[in-house]
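Reader: I have a model open beside me and would like to go through it with you. Could we take it step by step?

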Amino acid sequence: MSFSNKVFIVTGSARGVGAGIAENILQNGGRVTISDVLNEVGLATTDRLAKLYGTEKVTFIHCDVTNQQSFESLWSETEKIFGSPVQVLVNNAGVFHNAGWEKCIDINLKGLMIGNYLALDRMGKTKGHGLGGQVINVASLAGFVAGSDAISSPYFASKAGVISLTKSIGNDLTLRTEGVRVNAICMGYTDTGLFNKNKQLNDQILEEVGGTKNLLPVSRIVDAFQVLMSNGKVNGRSLCVMANIPMWYYPRHDRQEIIFWACGAKLFKRLRPNAMVMEPWHQAVFFIGFQLFLFIALQTLWRIFF
Ligand SMILES: NC(=O)C1=CN([C@@H]2O[C@H](COP(=O)(O)OP(=O)(O)OC[C@H]3O[C@@H](n4cnc5c(N)ncnc54)[C@H](O)[C@@H]3O)[C@@H](O)[C@H]2O)C=CC1
Ligand SMILES: CCCCCC(=O)/C=C/C=C\C/C=C\C/C=C\CCCC(=O)O
């Protein structure tokens, strides 16, 4: 996909996934601001990319995503340097729980929210340049599942928050009124510095996923970024990326799910009028019963019509 001089900001892009996405933007003719709290690493990455793709195409600006002012000046500086409005923000900056739970929530969730609201303000039709644009939030599969212990729970909670925020901001009304689409990338364990920094965590995860062949290379996340950039329709979606299988969109059916389980509770009330709660095993029976019902209904229809 050609980005023909489009201007992008990628947060936390001194290294890892962010640096991979920034390079892909340049490879496709876009212009990008690399931003991070790591000045030295950020400047080295920017230098390397500037030599390959041209100094006018890439710049480095220090930005701590948890700081509103820092994010605002990242945006304004970018537009000043490139002389064009920013059209895509990739909220990629993130830390694991070993940074401390408050920092983890601050960077992964609060920082990302600052980015989302700023993007609406600056790119939207109501207050911004009005051209609209895209926000891509880097979440994780961790946002869908339960963590394995209390220590890692802030990381899992922060990513669940990112997925929820993406669903809620990326709605039809925002798209209509502001012209901004918001989607998320939810990948599994990826072979980056973040992952490799902690030897103990590294070994534990490698055992869990069954070795290095099941780690995602950064190039798969870059592919996911390309998929979201080239699909002009998706909004409020989470694109899931797992090792060795095609990417898939997580179904956006929260309301239907609530209705499904509420129907189960209604049925349960008929069977046990005085029960206070439908326990998980009751739910499991309802679920299996529902599947059986569907199977028998489909078989009967098949027999009638064919
Ligand atoms: N590596 C993995 O297995 C997975 C990573 N992710 C997510 O992908 C994103 C990128 O992670 P990686 O490239 O793996 O890690 P990384 O550590 O290589 O890159 C993260 C970057 O964010 C920067 N950063 C940290 N705090 C910041 C702040 N306050 N302001 C601005 N920048 C800040 C770091 O300095 C670093 O350069 C993160 O959001 C992470 O949660 C999601 C799923 C799996
Ligand atoms: C312990 C914190 C490290 C989290 C890094 C991260 O965001 C990775 C998340 C990956 C998965 C979350 C856990 C389980 C999800 C279920 C299956 C994933 C299988 C991994 C894969 O095949 O890609």
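**Helix packing and the ligand shell**

Author: Helices H1 and H2 cross in a right-handed sense. Please keep in mind that this is a predicted model.

Reader: At what angle do the axes of H1 and H2 cross?

Author: The axes cross at roughly 20 degrees and come within 11 Å, H2 being the helix of residues 39-53. Angles under 35 degrees count as roughly parallel, so H1 is roughly parallel to H2.

Reader: Let us turn to the ligand. How many residues surround ligand 1, and which are the closest?

Author: Ligand 1 is surrounded by 26 residues, and the closest are Arg15, Asp36, Tyr155, Thr190 and Thr192.

Reader: What does arginine 15 place by ligand 1?

Author: Arginine 15 has a polar side-chain atom 2.8 Å from an oxygen atom of ligand 1. Valine 17 has a backbone N or O atom 2.9 Å from an oxygen atom of the ligand.

Reader: And which atom of ligand 1 lies 3.1 Å from valine 65?

Author: A nitrogen atom of ligand 1 lies at that distance from a polar backbone atom of valine 65.

Reader: How much of the accessible area of ligand 1 does the protein cover?

Author: On its own, ligand 1 has 820 Å² of accessible area, and the protein covers 97% of it.

Reader: Which elements give two or more residues to that shell?

Author: They are helix H1 (16-27) and helix H5 (153-169).

Reader: How do the shell residues divide into nonpolar, polar and charged?

Author: The shell around ligand 1 has 14 nonpolar residues, eight polar and four charged.

Conventions. Residues numbered from 1 in each chain as written. Chains lettered and ligands numbered in written order. Predicted model: local features only at pLDDT ≥ 70, side-chain atom pairs only at ≥ 80, totals over all residues. Heavy atoms only, no water. Near = heavy atom within 4 Å. Polar contact = N/O pair within 3.5 Å; in protein donor to acceptor, adjacent residues only side chain to side chain. Areas by Shrake-Rupley, 256 points an atom, 1.4 Å probe, with all protein chains shown as cover. Helix = DSSP H or I, 4+ residues; strand = E, 2+ residues; numbered from the N terminus. Nonpolar A, V, L, I, M, F, W, Y, C, P; charged D, E, K, R; others polar. Axes fitted to C-alpha atoms, helices over the stretch in contact; angles between N-to-C directions. Parallel < 35°, antiparallel > 145°, perpendicular 65-115°, else oblique. Left-handed = near helix turned anticlockwise from the far one by under 90°.
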